[in-house]
Amino acid sequence: MAKKRYAMLIDMRRCIGCHACTVACKAENAVPLEVNATWLKIIEKGIYPNTRRYFLPRMCNNCTDAICARNCPTQATYKRDDGIVVVDQHRCIGCKYCIASCPYDVRFINPLKNIVQKCYFCVHRVDSGLVPACVESCPTRAMIFGDKNDSKSEIAQMLATNATEVLKQEMETDPQVFYIAADETVMSNVEKKINYRAESSLIKLRL
Amino acid sequence: MRKISRRDFLKLSAAGTAVLAIESQLNPLAEAMELMTGGRSVNRTSHLPRSFLPSTCTQCPAGCGIMGYVEESRLVKIGGNPKHINNQGTLCARGQAGINALYDPDRILKPLKRAGGRGKNRWTTIDWRQAYDEVAKTMQQIRPNPAQFVYLTEDLRQDTLGRRFTNAFGSPNAIGAAAIFDANKKVATELTWGAAGDMPDVARTKYALIFGANPMESHPQFVGFVRRLVDGIQQNQAKVVTFDVRLTNTSALAKEVYYVNPGTYSMLALSMANVIMSEGLQDSGFINQWTNVSEPDLAAHLAQFTAEKAEKETGVAANVIRRIATEFATTKPATTVSDGMASSHLNGTQNERAIMLLNVITGNVDIRGGLCLPRQYDLADASPVPPAPAASSLSHPAELPLAGQQSIERSLQMIQDRKYPVGMIMSHGFNPVYSNPDGDAFAEALKDDSLIPYHVAVTPYMTETAALADIILPETTYLEGWDIEAGPSPEQVPYVALRQPVVPPLQDSKSFFDIAAELSTRIAGGMEGYFNFKSVEDYISARIAGISGLMSAGGLNYLKQYGVWYDPRSKPDYGAFATGGFQTPSGKIEVSSPRLEQQGYSALPSYDPVAAFNKLSKDELVLTIYNTAIQYDAKTANCMWLDEILHDNPVLINPQTAASLGIKDGDKVTVVRTARTGDGVRSPEGIGVDAKARSVQTTAFITEGIHPRVVAMANGVGHTGFGRIAQGKKVDKSSVERVLRDPNTELVWWGEKDGTGVNPKKIVPVMPDPAGGGQAWGDVVVTVGKSSD
């Protein structure tokens, strides 16, 4: 049997922009105020009366070619056999090289612990046979998580039968968070330092 | 260290196979994920499973099933209960943030008695014995005139215990607040098909026409409803069309999104009904058999609502009205979705009836995928049931005869205006100073002890209302208390759900059952006989005793283990009215309502324009106060995870409008209610009077996503009480009881950076739809201008 390769698929045809994932992550991973490992980007497009909202749940892409892991001087950031990129809290020296090198702006310094953190697909849950907390919470089942190398898994079947996109394909990092039917505007400009604070559920981000 | 395998999880969940059978009907993929989707939680470092108890959420009225995960007697996480038929293991942001409410650093954990004048915020800690003595003594003093006891609660339909306590005391004056949001819908549906409320069967529909509702952010059954709506869209290819005055999250998944002039939903719906009838697309068989009108009479009445007239009135193009009406009538099954803003107008009752009519004339009533009757168990109160005292002019204001006990905004106004003598108010978990229209006026009343001699607040928090109490009894939060619920089921299969303590009551807090029982014993005089239960569990057992399926499954023990029960063999009993008829006087759907006609309204669904909107001057705009998926009215602003996402409420303005007013994005602006508000309100008595506050200051947020004649502000923020978190203040750990400490409270950042908004309901006058009694939140006329400072 092929090696496990965990991945996330977010179906924007089901996302209602409710922030359940944002709060699920805070609760599950004790993510402090000020910072987020999972969050929701909301934009509005169009000119009245032809307007529409678009959403994009954001988190670490757990890239196959993770630049952060390559650049970490202490190997605190490393990739597991199943593809999940994790940070060993005890080895992290807080140098922020990884933050600077991440093309997706998903890493942050935990203000209470002064170490770097990010989404790691809730490895503690995955290792215990559970899906990540955001996936569990999602009221409309917009998020699917699993082993994409297992052809019987839901994610493998969904990936095989749907057109998907990843953020910033041109970076050639092979992101493992896939989106179905995400709007191209909401997918663009991820390199802009988007302070999640500015993304309160009102649409303060206008592109 | 033992790790749990996938197999163990399957074993653990095997007990609920019947439950899963129903779930998988809805979602064939639910069991396809190779990892468990829910119902368990592990410690992040040890990976050891956390102990848990199922219970029921109250962060909004939806009543989702939750799991409280506990480590060393501290609640560490709230997840969804996979067994619950509503939310099926998922949970929204508010539900998950309930843990913040439990450990709110400013939670009250000991009874408080005021030490200075009312509202001076000086308190002395007292013990429960003294608190009970003082409250019981006052209640005994007014017992000869028991109607002077006024009990104010959040949702009287849920708070059976509060009603029992008030009735046992001998007062008719238990008054609930939930109706300020949906009384018009409740009255309209009750008048029309004999049941209060509706439940669109969105999981199985092919077409959903959404009027003024925004289920993807706010709905009475939020998660349970919206997951089915999305299933309908994705698995059933249902088409969704929305009509609203602003852009909402619901637009994201809608096929077509239309802006509509405020307050014109009935015109829109009636013109569609006219198209359907004049094109001969109606279900004649259904109309003839199940309604109290004849086709020709109805068609003749509807003929006045032409698509052209509707275009002028609503702003929706006549050809769009014709096309959508035709699609709605020819796509089977179809349903409407309407709550929220469709109800919240002076013509809200008519709006709801006009929208219902679309389902009635197309035969989409209580069929699979149509507009269904609400299905829920009737949880009887436990025997002996105290007799209900005769209604009073306060509980049933004469000028709102159809609304009954559902017009709290009017009841509070009568107290303020000294139209009803009050000996004592007990406010239970309800914060009218924040929630009600014109809350400042009620605050003034509460400060006046000649008007309200005694005020007991039963609440865990120092809310704006509790701050004006004489004594505060620290109630447990919903995570430490007991209750039983049977809300309307979005699955169309009724259920019973238990709320049980997932952690023991913190410190000296007590559940409302314990408080009511102890007070009753002390007040005595016959009252104590109604609280003669060994424990709250006995009381709950007595309430479910009539549900035989649940009793044979194990009764309370079953609920304690699984949190929820429904008959696993039960399927939606669509069309059950065919045998017994509708619960209206005629047994039919009363499209023509004699009860409305008696009150001087059009018997047939009709369009009564909101008078003020036709006279707007160039600068006058209509204010809409909207709900989000993040905050729920007065309930959730003490949850820091929610505040971090939504903590302020700038006023949303269309760019054209802003340009004509010289307002730029981010400008400080003043929103001023104008005298036009309430123009032409037909009831002479006290309704439509000015609110105390005339203006609020906020910032401008310019967006294309709003009607040019409408401005909008979010509900749920702008607290001036309710503790430091709700007010965006950093909380020094050392100032907090050990049991409530959380290092995150020192990181609160939004108060300094963005502020915490303002409560727009302050400038909303008490202004119910005179028919349904529901507050017309959407009919406030304002001007918006740059602030001078």
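In chain B, residues 24 or more positions apart account for 74% of the contacts with a separation of 6 or more. The structure is a predicted model, with an ipTM of 0.95 and a pTM of 0.94.

Chain B contains 27 helices and 25 strands. Its radius of gyration is 26 Å, close to the 28 Å that the globule rule gives for 789 residues, so chain B is as compact as a globular protein of that length. Along the principal axes, the C-alpha atoms of chain B fill a box of roughly 70 × 65 × 55 Å. Of the 789 residues in chain B, 61% are buried.

The average pLDDT of chain B is 92, and 94% of the residues score at least 70. Residues 1-32 of chain B have a pLDDT below 50, and this stretch has 30 contacts in the model beyond near neighbours in sequence. Where pLDDT is low, the predicted coordinates should not be read in detail.

The contact between the chains takes 53 residues from chain A and 63 residues from chain B. On the side of chain A that touches chain B, several elements supply at least two residues each, among them helix H1 (20-29), strand E2 (39-47) and helix H5 (133-137). H1(A) gives the most, with seven residues. The residues on this side of chain A divide by class as follows.

| Class of residue | Count on the side of chain A that touches chain B |
|---|---|
| nonpolar | 23 residues |
| polar | 14 residues |

Definitions and conventions
Residues are numbered from 1 along each chain as its sequence is written. Chains are lettered from A and ligands numbered from 1 in the order in which they are written. This is a predicted model: local features need pLDDT of at least 70, side-chain atom pairs count only at pLDDT 80 or more; totals for chains, interfaces and linings use all residues. Helices (H or I, at least four residues) and strands (E, at least two) are DSSP runs, numbered from the N terminus. The radius of gyration is taken over C-alpha atoms; the globule rule is 2.2 Å times the number of residues to the power 0.38. A residue is buried if 20 or more other C-beta atoms lie within 10 Å of its own, exposed if 12 or fewer, and partly exposed in between; C-beta atoms are placed from the backbone. Two residues are in contact if their C-beta atoms, placed from the backbone, lie within 7 Å. pLDDT is the predictor's confidence in each residue, from 0 to 100. Ala, Val, Leu, Ile, Met, Phe, Trp, Tyr, Cys and Pro count as nonpolar, Asp, Glu, Lys and Arg as charged, and the others, Gly among them, as polar.
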